[in-house]
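This report describes a protein model for a reader new to structural analysis. Please look over the sequence and the structure before reading on.

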Amino acid sequence: MSGYDTSAVARVVVGVSGSLGSVTALRRATSLARRLGTELWAVLAWEPPGGDLAARRSPDAGVPVEQWQRLAGQRLTALLDEIFDGYSPGIPVRAVVVRGAPGPALVATADRENDVLVVGAGRRGLHRAFSGRVCRHCMAHAVCPVLAVPPSPLESELLSVHRRNTWHLRMDLRRL
């Protein structure tokens, strides 16, 4: 973000889903908002199970949309409480629940030129071709600067442990 006038930042908007990448992005967005002295908007995007088309076809089937909205709000509140561990981050935080796909929802929320949108950059390596759609959408369509936060090194370690356990591979004891 070099060359960007940080004194004109209105708010820092970050996508939160509960994934390790979104937790890393939230932590980076929190420190950025604290440094800039601006408000942090934590956004959770949600869609009805089966998508909007299924909800429009049979609106009376299953759980009402208002209840899904309420559950999404509860999930976001629980995520923020868990991530901040009950402590105040020292800046104003607004929890925003938006109905829609994550990429378009984040772009619609960070709709001012003086906002900063923070998103997780997705996975590394071969998986990157199949993930990171939200990040790519935001970088292509946002009207404000987008900060793509790379995954934490801990995330790749956790994925390798998960992969080893899934395939019942032996642990390399020389690395311990």
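How many bridges join β4 to strand β5? In this predicted model, four bridges join the two strands, which run parallel.

## Basis of the model

Residues are numbered from 1 along each chain as its sequence is written.

## Strand β4 and its partners

Helices (H or I, at least four residues) and strands (E, at least two) are DSSP runs numbered from the N terminus; two strands pair if DSSP finds at least two bridges between them. Strand β5 covers residues 146-149, and its Ala148 stands opposite Val119. Strand β1 (residues 11-15) is joined to β4 by three bridges, and these two strands also run parallel. Val12 has Val116 in β4 as its bridge partner.

Because four of the five residues of β4 (residues 116-120) are buried, this strand is largely enclosed by the rest of the structure. Buried means under 20% relative accessible area, with a 1.4 Å probe and protein chains only.

## Nonpolar core

A nonpolar core is a set of buried Ala, Val, Leu, Ile, Met, Phe, Trp, Tyr and Cys residues joined through side-chain atoms within 4.5 Å. The largest one has 24 residues, and Val12, Leu40 and Val118 are among those with the most contacts inside it.

## Confidence

The protein chain has a mean pLDDT (the predictor's confidence in each residue, from 0 to 100) of 83. Confidence is highest in β1, at 97, and lowest in helix α2 (residues 51-57), at a mean of 60.

How values were computed:
This is a predicted model: local features need pLDDT of at least 70, side-chain atom pairs count only at pLDDT 80 or more; totals for chains, interfaces and linings use all residues. Side-chain values use heavy atoms; hydrogens and water are left out. Buried means under 20% relative accessible area, exposed over 50%, partly exposed in between (1.4 Å probe, protein chains only).
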